[in-house]
Amino acid sequence: MKSVALPDLRQLSAEAQAAPRRRRNLNLHDRLDDPIQRLCNALEPGTYIRPHRHPDGVWETFVLLHGGCTILLFDTAGTVTERLALDRDGTLIAEIPAGCWHAVTVHTPSTVVLEVKPGPYLPGIFAAWAPEEGDPGAGRCLSWLERAEPGQRYHG
């Protein structure tokens, strides 16, 4: 049996805080070709998760375990269509439809989510309008994502 306890989440968050990308995951699945991908993802404010979508047919479920974050959905042109905060006093679970462009921003230290999606693992398809991770414009895009509302579009 696999289990994840509160000390495990604390350790994962400490690793995310020390990581250059400000995030760290703990896979619960054994292989990248597992038919169901399950992982705890520790996320810290300042992590840039470039807007992306998964290959067709791949939905993604987020279950908030600790902290708080926001999920943004976009149309193909990059306009925000939905914005949903996950926090302990409100919404705890969200499912992103298959093929939907999305990003996540983090507003609470030591945020941890459980992610579940169909496998096998395939890399995401990144939005052409969003700067690559490490690009000098990524910080500006992250700042925009943190405050973007439905109907708004990023203009680099």
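What percentage of the 156 residues of the protein chain count as buried? In this predicted model, the share is 44%.

**View 1. Overall fold of the protein chain.** The chain contains two helices and ten strands, in the order α-β-β-β-β-β-β-β-β-β-β-α from the N terminus. Its radius of gyration is 15 Å, close to the 15 Å that the globule rule gives for 156 residues, so the chain is as compact as a globular protein of that length. The C-alpha trace spans about 45 × 30 × 30 Å along its principal axes. Of the contacts between residues at least 6 apart in sequence, 73% link residues at least 24 apart.

**View 2. The largest nonpolar core.** This core has 15 residues, and those touching the most other members are Y48, L72, F74, V80, C141, W144 and L145. At least two residues each come from β5 (68-74), β8 (101-106) and α2 (138-147). The largest share, five residues, belongs to α2. A second, separate core holds 14 residues, including F62, I71, L86 and A94.

**View 3. Surroundings of F74.** Apart from neighbours within four places in sequence, F74 is in contact with P51, T79, V80, T81, W101, H102, A103, W129, W144 and L145. Among these partners, V80, W144 and L145 are also listed with F74 as touching the most other members of the largest core.

**View 4. The largest pocket.** Its volume is about 740 Å³. The lining comprises 29 residues, and R21, R23, N41, K117 and Y121 lie nearest the centre. Strands β1 (23-27), β2 (36-43), β4 (60-66), β8 and β9 (111-118) each contribute at least two lining residues. By type, the lining consists of twelve nonpolar, nine polar and eight charged residues.

Key: Residues numbered from 1 in each chain as written. Predicted model: local features only at pLDDT ≥ 70, side-chain atom pairs only at ≥ 80, totals over all residues. Heavy atoms only, no water. Core = buried A, V, L, I, M, F, W, Y, C linked by side-chain atoms within 4.5 Å. Buried < 20%, exposed > 50% of the residue type's maximum accessible area, 1.4 Å probe, protein only. Helix = DSSP H or I, 4+ residues; strand = E, 2+ residues; numbered from the N terminus. Contact = heavy atoms within 4.5 Å. 1 Å grid on protein atoms, 1.4 Å probe; cavity = no way out; pocket = protein on both sides within 12 Å on 5 of 7 lines; lining within 4 Å. Points joined across faces, edges and corners; volume = space filled by probe spheres on them. Nonpolar A, V, L, I, M, F, W, Y, C, P; charged D, E, K, R; others polar. Rg over C-alpha atoms; globule rule 2.2 N^0.38 Å.
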